[in-house]
Amino acid sequence: MLGRPGGRRLLGLLLLHSALTQVVTFVLRPTSAYRAIELDVPAAWLGALTASFAVVPLLLAVPSGQATDRFGERRVMLVGSVLVALSGVVFLTQLGGAAGLVLGSVVLGTGHLFSVVGQQAAVANTAGPGRFDTAFGYYTFAASLGQAIGPALITLLGGSSALPDTRPIFAVATVLGVLLIACTAVLRIPAGEHAGRAAETGGMKTLLRLPGLVRALVISCVVLSAVDITLVYLPALGADRGLAAGLVGVLLTLRAVASMTSRFFLGRLVAWVGRRRLMIVSVALSAAAMAAVAVPMPPAATAVLVVLLGLGLGVGQPLTMSWLAEVAPAGLRGRAMSLRLTGNRLGQVLIPSAVGLVAAGVGAAGVLWATAAALALAGTAARRLATDGPAGT
């Protein structure tokens, strides 16, 4: 993609599509929670609102990959973009009370899934040999940027009250959803052998027989779950130790910026040390930094450790994407990416629950130590994963 005629324009549009998808998602999800609080919905409905974003997409993850391989990335991304924009309309109309919010969340989660699967398959199918790590590094950087911009828009549009005015936020998110549709409409993804030929390459059975697939999925879901645990338990750790909320916010920002940095330079890092070695080092760094963060120390030292943690956590996702793009047949890359997303979603549900149960009674520090242990086990899996492909990949 990067070295082909028009490749930079295609990459730019894919990165814009990724960023817009995440901006809209990270605007609508917290704003819908604020709207639920405004409606005084019961706690059970709040739980349903959170789960509804993930449950239906979890069931549709593999079918969305099949659709991508069969009909092409652009069509699946268009369906996803329309659903993302439609979810903004559902939230904006504010019909149906709590049930309407759950419906909007289901539509948003489904649209997000189709968009992301299409994006990742498009990157995999157009990057070309030797470009997977660079392309996926840029792709995940754009996604992280969108996830940072989304909450900032809530601050900008919501006013200074504890509960923001949700209507203008929903309206802006809907407009951004329309822009997402327009971005999809101008995408021109080169037709290749991947479209419509998944049946000829053996289907899901071929993927499940790939050596190292399970290890790659484990690494991906553990790293992503560690990011989620950090978002919840760094604030809890700060509360346990009397750290100001503003300082904790700075630590979370440092973690995010560090992850974006390692993703932006991923291609160069792989060329420097190799994909397999980088995978091992990044997971080991994450485990060590996570364990050390839980140890009481001055804020400045904690900030340094959080930066190291972010650098390590930022590498796992794009590296597993590039590995899958390299080993999966061209006609099955959509399914490969959807399978990774399925594993990630399951990991996001199961791992934080298991870690919290194991570390019960020892507080936030214990949860971070348990997460570090899970990362160390993932690092062991990384040592046995043949991640290095052709030179430069």
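Confidence comes before any local reading. The average pLDDT of the chain is 84, and 89% of the residues score at least 70. Residues 193-200 have a pLDDT below 50, although this stretch has 16 contacts in the model beyond near neighbours in sequence. Residues 388-393 also fall below 50, with 14 contacts in the model beyond near neighbours in sequence. Where pLDDT is low, predicted coordinates should not be read in detail.

Next comes the helix pair. Two packed helices are described by the angle between their axes and the distance between those axes. For helix α8 (residues 213-240) and helix α14 (residues 363-383), the axes come within 9 Å and cross at roughly 160 degrees. Angles over 145 degrees count as roughly antiparallel, so α8 is roughly antiparallel to α14. The crossing of α8 and α14 is left-handed. On the α8 side, the contact is made by R215, I219, V222, V223, A226, I229, Y233, A236, L237 and D240. These residues meet A364, A365, V367, L368, T371, A374, L375, A378, A381 and A382 of α14. By class, the residues of the contact of α8 with α14 comprise 17 nonpolar, one polar and two charged.

Q94 sits between α3 (73-93) and α4 (97-127). Q94 is not a glycine, yet its phi is positive, at about 55 degrees. Is Q94 buried or partly exposed? Its relative accessibility is 22%, so Q94 counts as partly exposed; the cut-off for buried is under 20%.

Note on methods: Residues are numbered from 1 along each chain as its sequence is written. This is a predicted model: local features need pLDDT of at least 70, side-chain atom pairs count only at pLDDT 80 or more; totals for chains, interfaces and linings use all residues. Side-chain values use heavy atoms; hydrogens and water are left out. Axes are lines fitted to C-alpha atoms, for helices over the stretch in contact, and angles run from 0 to 180 degrees between N-to-C directions. Helices (H or I, at least four residues) and strands (E, at least two) are DSSP runs, numbered from the N terminus. Angles under 35 degrees count as roughly parallel, over 145 as roughly antiparallel, 65 to 115 as roughly perpendicular and the rest as oblique. A crossing is left-handed if the near helix is turned anticlockwise from the far one by less than a right angle, and right-handed if clockwise. Contact means heavy atoms within 4.5 Å. Ala, Val, Leu, Ile, Met, Phe, Trp, Tyr, Cys and Pro count as nonpolar, Asp, Glu, Lys and Arg as charged, and the others, Gly among them, as polar. Buried means under 20% relative accessible area, exposed over 50%, partly exposed in between (1.4 Å probe, protein chains only). pLDDT is the predictor's confidence in each residue, from 0 to 100.
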